[in-house]
Amino acid sequence: MALKDQIMADLKKAMKNKEQERLRVLRSLKANLLEREISERKDGEASLSDEQTIEVLMKAAKQRKESIEQFEEGGRDDLVASEKAELEIINSYLPEMLSEDEVREIARDKIAQLGAENMADMGKVMGAMMQELKGKAEGSLVSKVVKEELS
């Protein structure tokens, strides 16, 4: 079953079970997916691949993480708890992310493969890394690891 179809099925299930928080998050994801689908349309209709769906989910997860940071700085513990609950629901649809050690190992291989030696080569390494790790690791983690390895 495609990831988008799974989200839609879970949305219906959440409606039947009256799970308000889950329903709110899934409706938000549905809106984000429809927005992406509309932007991808060419001559009629389009459907999103699982990779595109994961991109939408990762963006939503990133937004929640940024909100959590801001609410923590502002001392809004009630909103932090709400955002964390939403993030947990979103993460349940995302594939398992690579650990920092796994990303570091891949980064070392890429740096050696590309012959990168210093920070001037960071763009070249990041481009290759992100293409390979799309949907498997967050860009901020990849960037941090690549910076550390090139320094």
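Let's start just past helix α6, where G135 takes a positive phi of about 80°. Keep in mind that this is a predicted model.

Now step back into α6 itself, which covers residues 122-133. Along α6, the buried residues are M122, V125, M126, A128, M129 and L133. The spacing is worth a look, because an α-helix has 3.6 residues a turn, so residues three or four places apart point the same way. As for what lies over those buried α6 residues, the cover includes α5 (100-114) and α7 (139-150).

Next, head to the start of the chain and look at a helix pair. Two packed helices are described by the angle between their axes and the distance between the axes. For α1 (residues 3-17) and α2 (residues 20-40), the axes come within 9 Å and cross at roughly 145°, and the crossing is left-handed. On the α1 side, the residues that meet α2 are K4, I7, M8, D10, L11, A14 and M15; on the α2 side they are R22, L23, L26, R27, K30, L33 and E37. Sort that contact by class and you get eight nonpolar, six charged and no polar residues.

One last stop: R64, which sits in helix α3 (residues 50-73). Is this arginine buried or exposed? R64 counts as buried because its relative accessibility is 9%, below the 20% cut-off. Setting aside neighbours within four places in sequence, R64 is in contact with S28, E83, E86, L87 and I90.

Terms used: Residues numbered from 1 in each chain as written. Predicted model: local features only at pLDDT ≥ 70, side-chain atom pairs only at ≥ 80, totals over all residues. Heavy atoms only, no water. Helix = DSSP H or I, 4+ residues; strand = E, 2+ residues; numbered from the N terminus. Expected span 1.5 Å × (residues − 1). Buried < 20%, exposed > 50% of the residue type's maximum accessible area, 1.4 Å probe, protein only. Contact = heavy atoms within 4.5 Å. Axes fitted to C-alpha atoms, helices over the stretch in contact; angles between N-to-C directions. Left-handed = near helix turned anticlockwise from the far one by under 90°. Nonpolar A, V, L, I, M, F, W, Y, C, P; charged D, E, K, R; others polar.
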